Number of protein chains: 2
Amino acid sequence: MGRVFNFGSGPATLPEPVLERARDELLDWRGTGMSVMEMSHRGAEFTGIAEKAEADFRRLLAIPAHYKVLFLQGGALAQNAFVPMNLLGGKTGADYVETGSWSRKSIGEAGKYCKVNVAASSAAIKYAAIPPREEWRLDPDAAYVHVCTNETIDGVEFHWVPDTGAVPLVADMSSHIMSRPIDVGRYGLIYAGAQKNIGPAGLTVVVVREDLLGRARPDTPAVFDYAVQAQAGWMYNTPATFGVYLAGLVFEWLEAEGGIAAIEARNVAKARMLYAEIDRTGFYRNPVRPADRSRMNVPFFLADERLNDAFLAGAKARGLAQLKGHRSVGGMRASIYNAMPVAGVAALVAYLREFEAANG
Amino acid sequence: MGRVFNFGSGPATLPEPVLERARDELLDWRGTGMSVMEMSHRGAEFTGIAEKAEADFRRLLAIPAHYKVLFLQGGALAQNAFVPMNLLGGKTGADYVETGSWSRKSIGEAGKYCKVNVAASSAAIKYAAIPPREEWRLDPDAAYVHVCTNETIDGVEFHWVPDTGAVPLVADMSSHIMSRPIDVGRYGLIYAGAQKNIGPAGLTVVVVREDLLGRARPDTPAVFDYAVQAQAGWMYNTPATFGVYLAGLVFEWLEAEGGIAAIEARNVAKARMLYAEIDRTGFYRNPVRPADRSRMNVPFFLADERLNDAFLAGAKARGLAQLKGHRSVGGMRASIYNAMPVAGVAALVAYLREFEAANG
């Protein structure tokens, strides 16, 4: 079959021009006679690829000069351990805001390293809204405040930046980074697994304000000590070279599409189209408070859940793939990351109508 | 230009049929309409890829059933921290044998977690030989004995398995795993970065005896807790999915080439050809004791080092790439991993002769 519209939550769909370019260069990158996978990470060719990828990433997100960008490994879940290991310094506690499954995991892992203060939680309302800032009970002596700015499973997104005063704000942005402009200067540290909006799984981006470096626990593994990696230009160990290369191709694609502001406008339009259809009659349902709905991950349920299998089978037959909801919440989920074209969302909306007409 | 013969030490050359297959499947894996990079790691398609890769790896290396295989991230350098975090249990110290740059790094990192007893070292002879077993001063109360069975930079290789009695033997096999049969049952734990004989950088294999699981420090990051990952079938977090897929293609290629015994015979022949030429007249020189020479990484020096640049330029012009030695030791290095064909070594030998004839 031809390429499908892939609504998987991650590893997620990649822009087709990126995959085509990777395919064309796979055995011979620009006349070197080698695949990028076969290059020394310290050679001139790969160093050039890496420097351009970092520079493009910085430019696209307007990252200030006093922030370090690190392309590491381990995924966002690994950072759940390395953030406290790196940032606690002399402090004993950190604030965490619980807004869904991923922040809940972050809280569990952080508890191995420090006293975790859950400053706010929407668990009691099944994560159907972001707790408003005025309800957060922050500890002024916390080492940092941790948020997950887009919850992939629960479909809530921060459309605002919480003010945490002098305490550094740390954000897991895995599932919406690069989907909208960020005011990086309001964060102490941002991290993201690549496998949604950046590239393939196995690559993790960390953006960290320089003054937060150098306070890692002495037993922090060297390859995950942000100061060590910043000092080494994130080449203390061999990075996930092919992942970095693909991320670089994604950044070039983003640039060609008009940059982050242009992609945001498209993401807003895609999300609006899809939520409007879900809300239209009550045949489908999204449980999230409208102001907190994610533009990237759209969970939805059929009013009659006995139709779920038929819905998914029909979708698959129409080339609409990976729409099944996360096993922990059930139902359906459409992840509509940067690389999902408007045509893909339009095809999904058309199918939602068609299925409702046949079964409503 | 066409494909070169790539003697880089890692990320290293991959078998051309593997790259061709990856290229052909890059936008659409077997009619799914998706790249492997775009598949959920929990979906049926990728689960099938992962299970086959693990099964093929186990069969090729004849790994006994009471060992777990984990495809993780972070590289071998990360395991330098996670091995002590996972294996110390109640013990306070571990034995390390220093045979080159990589075991020296392992020792440095392990010192963050335990008392390191350097049981033997060849540092005084510039790592030109493996210290014989009878000279090792092992601590009977050590949690484990750590060796690096092939030193990528220094070009020494264990051609024997050290007897460590009841104390588990831990081996960093990054740069020669799958190049020869291993008696896995004599090791407690084996780890290897993929980027030499397995696949692309960003993937790390851990083989661990089941009875060594479950003794991790409580503050071990969950994604690097071997027991957690074993329990989750190494899917506690999103693995480096594309790396796993490529490793699987490499395993299929190895099988088609006749398996590990056949590849070992070829590796022996390649190494013999190259060392014979290096030793022939004294124009070139390899500093390692012949019995301890690596079959994978062959450092060599020109008697007249003023000729180094001319040597490298001539090599490059003949499509013999990445022959420059590691910056810490200088000279040249030819890495002749599984994927380096005999024809590549023959071309290098012919060039060594030609260069000597012109400059000798």
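Residues are numbered from 1 along each chain as its sequence is written, and chains are lettered from A in the order in which they are written. In this predicted model, local features need pLDDT of at least 70 and side-chain atom pairs count only at pLDDT 80 or more, whereas totals for chains, interfaces and linings use all residues; side-chain values use heavy atoms, with hydrogens and water left out.

**View 1. The two chains and their axis.** Chain B can be laid on chain A by a turn of 180° and a shift of 0.0 Å along the axis, with an RMSD of 0.0 Å. This is the relation of a two-fold axis. The superposition is by least squares on the C-alpha atoms of residues with pLDDT of at least 70 in both copies. B:Arg23 has the C-alpha nearest the axis in chain B, at 2.5 Å from it. Both copies use the same surface, as 100% of the contact residues of chain B recur in chain A.

**View 2. The interface of chain B and chain A.** The contact (heavy atoms within 4.5 Å) takes 63 residues from chain B and 63 residues from chain A. Between them the chains bury about 4,800 Å², and 58% of this is on carbon and sulfur atoms. Buried area is the accessible area (1.4 Å probe) that two parts lose on being put together, summed over both. B:Leu27, B:Met37 and B:Glu38 supply 14% of the area that chain B buries against chain A, more than any other three residues.

**View 3. Charged side chains across the interface.** Four salt bridges are found across the interface of chain B and chain A; a salt bridge is a side-chain nitrogen of Lys or Arg within 4 Å of a carboxyl oxygen of Asp or Glu. A:Arg3 and B:Glu38 meet in a salt bridge through their side chains, at 2.6 Å from N to O. B:Glu38 is also one of the three residues that supply 14% of the area chain B buries against chain A.

**View 4. Lysines over tyrosine rings.** The charged end of A:Lys105 sits over the ring of B:Tyr236, 5.0 Å from the ring centre. B:Lys105 lies over the face of A:Tyr236, 4.9 Å from the centre of that ring. A charge sits over a ring if NZ of Lys or CZ of Arg is within 6 Å of the ring centre and within 35 degrees of the ring normal.

**View 5. The pair A:Tyr96 and A:Tyr144.** The ring centres of A:Tyr96 and A:Tyr144 are 5.8 Å apart and the planes are at 70°, so the pair is edge-to-face. Rings of Phe, Tyr and Trp (its six-membered ring) pair if their centres lie within 6.5 Å; planes under 30 degrees apart count as stacked, over 60 as edge-to-face and the rest as tilted. A:Tyr96 is in strand β3 (residues 93–98) of chain A, and A:Tyr144 is in the loop between β4 (115–121) and β5 (145–148) of chain A, 48 residues apart. Helices (H or I, at least four residues) and strands (E, at least two) are DSSP runs, numbered from the N terminus. A:Tyr96 is buried at 1% relative accessibility, and A:Tyr144 is buried at 0%. Buried means under 20% relative accessible area, exposed over 50%, and partly exposed in between (1.4 Å probe, protein chains only).

**View 6. Other aromatic groups.** The rings of B:Trp136 and B:Phe158 have centres 6.2 Å apart and planes at 85°, so this pair is edge-to-face. B:Trp136 is buried, and so is B:Phe158. In chain A, one aromatic cluster is formed by A:Phe283, A:Tyr284, A:Phe300, A:Phe311, A:Tyr351 and A:Phe355. Over all chains, the count is 39 aromatic pairs.

View 7. A:Lys52 and A:Asp56 meet through their side chains in a salt bridge of 2.7 Å, N to O. Both lie in helix α2 (residues 44–61) of chain A, four residues apart, about one turn of the helix. A:Lys52 is partly exposed, with a relative accessible area of 39%, whereas A:Asp56 is buried, at 5%. A:Lys52 and A:Asp56 belong to one network of salt bridges that share partners, including A:Arg59 and A:Glu252.

**View 8. Two further salt bridges.** The side chains of A:Arg217 and A:Asp219 form a salt bridge of 2.9 Å, N to O. A:Arg217 is partly exposed at 23%, and A:Asp219 is buried at 12%. In chain B, B:Asp304 and B:Arg306 form a salt bridge of 3.0 Å, N to O. B:Asp304 is partly exposed at 28% relative accessibility, while B:Arg306 is exposed at 74%.
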